[in-house]
Amino acid sequence: MSVTRKEPLDAGTIVSAAEDALRRYGPDKTTVLDVARLLGVSHGSVYRHFPSKAALREAVISRWLDRTRDQLAGTAGDPGQPAVERLRELLTTMFRVKWAKAGEDPELFATFLTLASEHSGTSAAHVAFLLGQIREIVADGIAAGAFAPGEPDTIARAVFDGTSRFHDPRHAGDWQNPGIEAESAAVVALLLDGIRAR
């Protein structure tokens, strides 16, 4: 017996239901029909808002990543703190947030991993946001004389790539290792020393 929905259907409601379905069934088994059943509508009603399962999945992960962006935005935003400490705090927070998401929300994290491997627009936007946060601190550090002169975009990219083992979802299997915090701290310290003004 199907449930008939009485309230109007909007994109936000569909994304919430899709998030629930992904958590219940995982990214490989969740279908648009599963989402429609949770909402008590036909799958055609879902398709009126999202043209494909891929588009719906992107919307779910985009909202999920917005929560990460909110957690990180405040970290980079305190120009009163020295750039070295801001960058260390940003990277450490970025690692811990990703590690927590992998452990606490494995189904959505698996969906994020799929999008990252497909080089989706959502994944690319997330990387651009992270690079922007790092670049902002690097530029401030160069302007203050804390970091050696250089091109902020290039330095930010090098820092991002140099720490990929600790934030790239393809390395999530490493994040349960007991020494991961010490290893990440050592890499961050080395990178910070490398860009510090002499």
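Which residue just after helix 2 takes a positive phi? I looked it up: G40 does, at about 75 degrees.

**Ground rules**

I am working on a predicted model, where local features need pLDDT of at least 70, side-chain atom pairs count only at pLDDT 80 or more, and totals for chains, interfaces and linings use all residues. Numbering runs from 1 along each chain as its sequence is written, and side-chain values use heavy atoms, with hydrogens and water left out. My helices are DSSP runs of H or I, at least four residues, numbered from the N terminus.

**Helix 2 and the annotated stretch**

I checked burial in helix 2 (residues 32–39) and found V32, D34, V35, A36 and L39 buried. Buried here means under 20% relative accessible area, exposed over 50%, and partly exposed in between, with a 1.4 Å probe and protein chains only. Over 31–50 I get 75% helix and 0% strand, with the end C-alpha atoms 13 Å apart.

**Salt bridges**

I counted 17 salt bridges, taking a side-chain nitrogen of Lys or Arg within 4 Å of a carboxyl oxygen of Asp or Glu.

I looked at E118 with R57, where the closest N and O atoms are 3.0 Å apart. E118 sits in the loop between helix 6 (106–117) and helix 7 (121–144) and R57 in helix 4 (residues 53–76), so this pair ties together parts 61 residues apart in sequence. E118 is partly exposed at 45% relative accessible area, while R57 is buried at 16%.

Next I took D66 and R69, whose side chains meet at 2.3 Å, N to O. Both lie in helix 4, 3 residues apart, about one turn of the helix. An α-helix has 3.6 residues a turn, so residues three or four places apart point the same way. D66 counts as partly exposed at 33%, and R69 is buried at 18%.

For D153 and R135 I read 2.8 Å between the closest N and O atoms. D153 lies in helix 8 and R135 in helix 7, so the bridge ties together parts 18 residues apart in sequence. I have D153 as partly exposed at 44% and R135 as partly exposed at 32%. I also noted a network: salt bridges with shared partners join E19, R23, R63, R67 and D105.

**D168**

Where is D168 found? I traced D168 to the loop between helix 8 (152–162) and helix 9 (180–195). D168 is buried, with 13% relative accessible area. The D168 side chain makes a polar contact with the side chain of R170 at 2.6 Å. For that term I use a pair of N or O atoms within 3.5 Å; within protein, one must be able to donate a hydrogen and the other to accept it, and residues adjacent in sequence count only if both atoms are side-chain atoms.

**Cavity**

I searched the whole structure and got 1 cavity of 30 Å³ or more. A cavity is a set of points on a 1 Å grid over the protein atoms alone where a 1.4 Å probe fits but cannot get out, and lining residues have an atom within 4 Å of a point. The largest cavity has a volume of about 90 Å³. Its lining is A18, L22, P27, T30, T31, V32, V35, K53, L56 and R57. Helix 4 gives the most to this lining, with 3 residues.

Conventions
Helices (H or I, at least four residues) and strands (E, at least two) are DSSP runs, numbered from the N terminus. On a 1 Å grid over the protein atoms alone, a cavity is a set of points where a 1.4 Å probe fits but cannot get out, and a pocket is an open set with protein on both sides within 12 Å along at least five of seven lines; lining residues have an atom within 4 Å of a point. Grid points are joined across faces, edges and corners, and a volume is the space filled by probe spheres set on the points.
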